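Here are my notes on the model you sent over. Have it open in your viewer while you read.

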Amino acid sequence: MINGLPAGLVARHPNADDHPRVLAVLDEWWGGLKGEAGAVERALLLPRLYFQHFATTSYVVEDADGKLAAFLVGFLSQSEPETAYIHFVGVDPALQGKGVGQALYQAFFALAEQQGRRVVRCITSPENAGSQAFHARLGFTASEILPDYDGPGLARVAFTRPLAGRPARRLRVLDQVLALEHHAQLSEPADDDWVALVRAPEGLTVIRTAGESVPGSDRWIGLYDADPDHGLDEPGLLAAVLTPLARAGLPVFTASTYHADLVLVPEERRELALSALRSAGFTIGSE
């Protein structure tokens, strides 16, 4: 099932019976990292449901005697249609450095690509320097340390890796800063500095270039697909942009065109918006 494993090791998808087997090796394989609190934390991260409901995107590796050698628990995000997520990975310390972890990750990358995913994401604890170095070797980009990411006192480092088979989707920031207006009448504005018009029963929505008199809180930047050549039947494109912005707590306004979607975010929160999109696997402009 998996290429690149050392001789004598075989991989398969897990089942519910593998749950206690994996829990039994966590403390040994992690060398007691973070003491008793770390042991409880690791066990809580792997409830049985992962072995029941995410088996087809996860793997266990065994030797010829059936002894557990490694595992990877991953899934395809339901909320982010372009994202695959690696939740938990472990390799017997006696086999580390022999390509087992890399083979598991490459198998998951291939599976995610086959399912149309564009980016793989995962996290680790700041204390796990070995994990951070491993992910860097596999081409992941690391975030800064994120305090309280998984709850009070549970800091994490987040990793993102675009899938090689599908280039990262590119967005460009429109040159002009924009403003939003609502007109009760449905007639087209007399001036010509508008960018988009949407007629609706309650009136006319106008997206126009923001003049200098528009206050900062009412100024928006526009994000548009840098390669607007997808078909109308390609699903999930707008959701892929909006989901990371929503996770970052950003308000948005959207207007769809025949070729792509225009997404507006507040100008004063530009850097937060672009950072959230880059973390989700997008590139901005000519990056």
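How many bridges join strand E5 to strand E7, and do they run parallel or antiparallel?

1. Keep in mind that this is a predicted model. As for the opening question, E5 (residues 119-124) and E7 (residues 157-162) are joined by six bridges, and the two strands run antiparallel.

2. Now the whole sheet. There are seven strands in an open sheet, ordered E1-E2-E3-E4-E5-E7-E6, and the pairing is mixed. At the edges sit strand E1 (10-12) and strand E6 (141-142), each pairing on one side only. Helix H1 (residues 18-29) packs on this sheet, where it touches E1, strand E2 (59-62), strand E3 (68-76) and strand E4 (83-91). The direction of H1 makes about 110 degrees with that of E3.

3. On to the inside. The largest nonpolar core counts 30 residues, and Ile2, Leu5, Val61, Ile86, Tyr105, Val120 and Phe140 have the most contacts within it. At least two residues each come from E2, E3, E4, helix H4 (100-114), E5 and E7. H4 is the top contributor, giving nine residues.

4. Valine 61 deserves a click. Setting aside neighbours within four places in sequence, valine 61 is in contact with Leu5, Leu9, Val10, Ala11, Lys67, Leu68, Ala69, Ala70 and Leu104.

5. In soluble globular proteins, nonpolar side chains tend to be buried together.

Note on methods: Residues numbered from 1 in each chain as written. Predicted model: local features only at pLDDT ≥ 70, side-chain atom pairs only at ≥ 80, totals over all residues. Heavy atoms only, no water. Pairing = 2+ DSSP bridges. Helix = DSSP H or I, 4+ residues; strand = E, 2+ residues; numbered from the N terminus. Contact = heavy atoms within 4.5 Å. Axes fitted to C-alpha atoms, helices over the stretch in contact; angles between N-to-C directions. Core = buried A, V, L, I, M, F, W, Y, C linked by side-chain atoms within 4.5 Å. Buried < 20%, exposed > 50% of the residue type's maximum accessible area, 1.4 Å probe, protein only.
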